[in-house]
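Reader: I would like to learn how to read disulfides in a structure. Please show me the model and start there.

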Amino acid sequence: MQLTVRCTIAYLLAGIVSLLSVDQSRGDECVSMKRDRHRTLMEEYRHSPNWDGFLTEDTLNLRQNETEVDLSRQGFKEVHWHLSSIVGDGYEIFELNLAFNNLEELNELTFLKFYSLETLNLSNNRLQTISNLTFGSLIRLVELDLSFNLIHTLERQAFDRLYALESLSLRENCLVTLAPNQFHFNDHLSSVLLDHNQLAFLPAILFDPITMVDEIYELDLSDNNFRRMPYIETKEIALLKIDNNHIETLTVNKSFNVRALQIQHNNIYDADLFKFNRAEHIDLSHNNLDNIVGLHEMNQLEYLDLSSNNVSKFDYNLKYSIRNIPSLVTLRLQNCSLSEHNIGGLLASDSILNLDLSQNNFVRLNVSDLSRMRSLQYLSLNFNYLRELISYERLEHEFPFLELVSLSFNRWNCTYYDQLNAYLNRTHIRSTSDPRDCYINGTHVTDSYVTDAFEPQYTMNHIKRDMTVLRNLGRNTIYFMYALFSTIRGQGNETALHQQRLDGQLHDLERDVDRLLGMLAFLVAIFAAVLFVAVVYGGWRLVRKWQHDRTVKVVTYNKRANEFSNGVTVNDVIRDNSTA
């Protein structure tokens with residue numbers, strides 16, 4: 001028994017050592033490859049007079065009131081430790097650009113006195129390690145760009161003092177993992193880009209979900225080495241990108257608060273979405289899905305992309321789930337091996353507005369197969385093998401809200417295609433199809449009329465070219481929408497932050513006014529008390545004087561008779577004087 005336990009422990013230790021050695025070898029290979037890439041990239045700037053030189057205060061050459069400093073594309077190899085001393089001499093730098101240099105190391109003195117720095121760009125250098133004190137004094141830093149370096153190690157407290165950090169880019173480095181609580185003190189962090197690294201594992205606790213001010217807008221983990229879906233405990237993630245990895249099963253043990261999940265181009269065969277029930281956007285395209293569960297509980301899902309999967313393997317789950325998602329607006333099923341034989345009864349929804357069935361195997365599609373999607377506004381049937389759209393005369397009746405239908409790049413007969421387009425022209429339904437996109441006797445012709453002029457046959461190269469154009473157009477549109485959303489989101493966050501600052505200033509002003517009013521009330525009370533005491537004292541004095549005056553007797557003395565008037569005797573006068 002003891003021997004078995006020892007053997008098991010030995011095997012485990014050997015496995016751990018092998019994994020570490022594999023990660024180390026991958027990291028070394030990554031560093032070597034990206035160092036060569038950086039060397040090739042920097043050849044363009046070798047003519048710079050500062051090539052492989054020191055960045056000193058003389059090189060910096062600050063002009064008065066200059067707040068933005070651009071020292072990129074100079075080829076500096078090292079930053080002199082004395083550089084921070086000049087920042088305290090009346091200068092305030094808010095933006096510093098050191099991109100496209102040859103910097104290999106930063107120490108705790110490099111940015112020691114750059115207290116006002118808000119944006120720091122260190123991309124495209126040769127940095128390999130970020131220590132705990134490198135950015136220790138940059139308490140106002142909002143944006144930090146460390147992309148396109150050779151970074152393979154981040155010390156545990158590397159970002160702990162960047163309390164105002166909102167955007168961090170570590171893309172295109174050689175990171176293998178991150179330390180637990182790596183971003184524990186970055187409560188304002190909204191964008192973290194970690195794509196194109198060597199990450200294979202992440203600890204669950206990277207952020208502090210309790211103290212975080214707002215959600216993480218974007219967390220990019222694409223193009224890494226993940227084989228399992230990482231779970232990250234945080235307040236909320238608006239957009240999680242984890243595409244182009246090696247994940248095989250999409251499952252987590254706790255509820256994952258993600259609004260948009262992009263996990264395309266993996267090897268996923270089993271997707272468990274029960275813990276993603278708050279997601280609004282899910283892209284599972286270009287995987288190997290055999291099973292998908294939990295869709296029916298996603299009451300907030302608006303966008304679902306299952307393109308380039310074999311839907312026939314999980315069509316029952318899909319059929320049941322789609323009709324139970326009340327918020328689903330867009331469904332993409334490109335290249336899913338669908339045909340008129342397996343589409344019947346598959347799609348039924350009262351909420352779907354946009355349906356993409358392009359790049360499938362339809363030859364003769366019956367309109368009634370889609371009749372249970374009454375709210376449909378856009379339908380794409382491009383790049384199929386369609387020769388006939390059965391009962392197309394019922395399109396207007398079955399889909400009263402349909403506005404646009406795409407029927408391009410199919411195998412239409414020109415006569416039939418003319419009739420179909422003529423019907424669409426009589427309805428409110430618009431078509432993006434080209435009338436010339438049809439065939440006569442198997443030949444693709446110039447237009448829908450029989451002429452002597454024929455176009456060259458539509459070859460596979462033409463299809464690839466057109467598909468590339470469409471793919472790039474769709475990708476650029478998505479990128480534009482995300483950029484627009486990011487800009488609006490950033491402006492909203494900035495406005496909210498500005499409003500918070502104004503509210504704080506207003507609160508401080510109200511507190512100061514209250515303090516002044518309290519002091520004024522105290523002074524008025526003291527003055528009233530003094531005045532009251534003075535009035536009382538004055539009244540008392542007047543009363544005493546009046547009483548005294550009443551007690552005074554006025555008499556006259558007759559010296560000859562030696563007597564007083566009013567019947568007053570000498571003894572009375574003596575007594576009164578003695579009493580007074």
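Author: By the rule used here (a pair of cysteine sulfur atoms within 2.5 Å), the count comes to two disulfides. This is a predicted model, where local features need pLDDT of at least 70 and side-chain atom pairs count only at pLDDT 80 or more, while totals for chains, interfaces and linings use all residues. Residues are numbered from 1 along each chain as its sequence is written, and side-chain values use heavy atoms, with hydrogens and water left out.

Reader: What is a disulfide, and which cysteine does C30 pair with?

Author: A disulfide is a covalent bond between the sulfur atoms of two cysteines. Here C30 is bonded to C174, with the sulfur atoms 2.1 Å apart. The pair links distant parts of the chain, 144 residues apart: C30 is in helix α1 (residues 2-42) and C174 in the loop between β9 (167-169) and β10 (191-193). Helices (H or I, at least four residues) and strands (E, at least two) are DSSP runs, numbered from the N terminus.

Reader: What is the handedness of the link between C30 and C174?

Author: That link is left-handed, with -80° about the S-S bond.

Reader: Which cysteine is joined to C414?

Author: C438 is joined to C414, S to S 2.1 Å. The torsion about their S-S bond is about 90°, so this disulfide is right-handed.

Reader: Are C414 and C438 buried or exposed?

Author: Buried means under 20% relative accessible area, exposed over 50%, and partly exposed in between (1.4 Å probe, protein chains only). Both C414 and C438 are buried, and both C30 and C174 are buried.
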